[in-house]
Each structure stands twice: as structure tokens, then as C-alpha cells.
Amino acid sequence: MPKTPIHKTALAIALLITLTGIASADTKIKSRQTSGGQTYENTSYLKGKRQRTETNNGQMIVVQQCDLRRNIQIMPQAQAYIIQPYDNAPGSTTPGAANTQPAGTTKGGVVTSTVTTKDTGERKQMLGYTARHIITTMEMQSSPEACSQTNTKMQIDGWYIDAEFALECDSGVTYRPYTPPHGGGCQDRYVTKQVGTAKKGYPVWEKTTMFGPNGAESFSTVNEVIEFSSATLDATLFEVPAGYREVKDFASLYSMP
């Protein structure tokens, strides 16, 4: 399966959203990402209740503002950003909430995301910490009448540690790959199911694998932490850069001149 820029960006964002961390002191973390035979070094910065993660040599930046309960996805090349509130994450529904649709839309079907987290019970020493082996599986399936026919699976096989900067952000962000808008105003309803309560912590090694509709592996990437260090960080690192333009979604971003 060919990987489009949108596919890679959506995967990168899905990966970044799995990183949770609230620092009790300023921390700088260097990591290595290997994908498709290529290796990139990434950097994360943690200050207070915020984290900034730069991937692919700074081509994609995600700022987690846990105090404001939102993520900011920053695209330096386009000088644009997307704000994703935790309480209004795309692809999620609130039990008991009314299913309202904008005027002129057609009701589609249901797209169900199931997130399963399992602690294997394995432990080992990594970077001076005791790491837990946890496997997270994210599956998305559409009902027959859904506008977006999706049958995908993503698995994160990782090792996680308890560290002073690894408190849970409680983002509640739902895994949902990018899907283009549908003609005719067709709109699906998205439902999320959580299975398992395994405690993660901070990821020091993760392999993320995407599977196609036929169950075959289509893409994989490995992220591993190579260094922790203390640092004094400027608060502006965790804000939107001056002069950047806000867009609502990827469709808006890629339609920009």
C-alpha cells in the first residue's frame, strides 16, 4: 500500500498522541525513529503541564497543553497549526449525547474504534528504570451503510517506565486516521470503545505497525529514547509561533496556496 503524505502525517500524529507526559521539572528527551529504512532523531521538551515533540527534523511539531486540555499540531513548512481540544476530539462521542447533524447532511452509518491495552507482565531494565511491556491495539471498522468504509488496525508494542515526568495527561484523544470529506453531505457517527486498563507511563521503546484491510502489514515505525537530560526551557516553546495561521483540519491545510 503506497503511503501518501496525508497517510504519513496522520500516522505521525497518531503516534505523537500516544506520548503522555507532565514534567515536574524541565526535561529534554532525545529519541530515534526508524521507518522504511530511514532514521530520524526527534526531540521532546517537557515543562510543567506541557510537552513539545518535534519529529522528522522539525517538519511536524505537536504541543500538548495538558493545562488547557488540548493538543496543537504545528506545521512549520506551511506556517499553520490545528488545535485539537481533548473534550471535543474528532472521532469521539459522548454516551447519551444527542446525535446532531448540520443542515443539509445525510445520515451515514457508524464507525467504531476499539482500543485494547494489555500488560504482558514482562519487565526489564531500560535507561536505569524498570520498564513494563504493554501492547495497545487500535481497530476501526465501519458499518455497511457508513459513508467512510474503513477496516484498519494499528498496533503499538512498547516498553514504558514510571518517571518523574511521566504523569498521565488524560487527553481522551481518539485514534482516527485522516479521511477526506464526502460529497453529498454524508456524515457518519463515530464511537469509541476502551478495553483494558493497563498503566502505560512514559514510552522508552515503541514499535507501531499499521495493517491494511486484508490484515497484512502496510507500514511500521520504531521509536526509542536514547537520552534524558535536564534543561531550562522557554515557555514560548509550548505556544503557537507568531504569524502562524490556524486551519480546522488537514483538508483545509492541503488546500492552502
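In total, 9 salt bridges are counted in the predicted model. One of them joins the side chains of Arg32 and Glu224, with an N to O distance of 3.5 Å. Arg32 belongs to strand β1 (residues 27–35) and Glu224 to strand β12 (residues 217–230), so this contact ties together parts of the chain that are 192 residues apart in sequence. Both partners fall in the intermediate accessibility class: Arg32 is partly exposed, with a relative accessible area of 28%, and Glu224 is likewise partly exposed, at 26%.

A further salt bridge is formed between Arg52 and Glu54, whose closest N and O atoms lie 2.7 Å apart. Arg52 has a relative accessible area of 11% and is buried. Glu54 has a relative accessibility of 19%; it counts as buried because this value is under the 20% cut-off.

Arg132 pairs with Asp162 in another salt bridge, with 2.9 Å between the closest N and O atoms. This pair links distant parts of the chain, 30 residues apart: Arg132 is located in strand β8 (residues 129–142), whereas Asp162 is located in the loop between β9 (151–161) and β10 (186–195). The two partners also fall into separate accessibility classes, since Arg132 counts as buried at 10% relative accessibility, while Asp162 is partly exposed, with a relative accessible area of 42%.

How values were computed: Residues numbered from 1 in each chain as written. Predicted model: local features only at pLDDT ≥ 70, side-chain atom pairs only at ≥ 80, totals over all residues. Heavy atoms only, no water. Salt bridge = Lys/Arg side-chain N within 4 Å of Asp/Glu carboxyl O. Helix = DSSP H or I, 4+ residues; strand = E, 2+ residues; numbered from the N terminus. Buried < 20%, exposed > 50% of the residue type's maximum accessible area, 1.4 Å probe, protein only.
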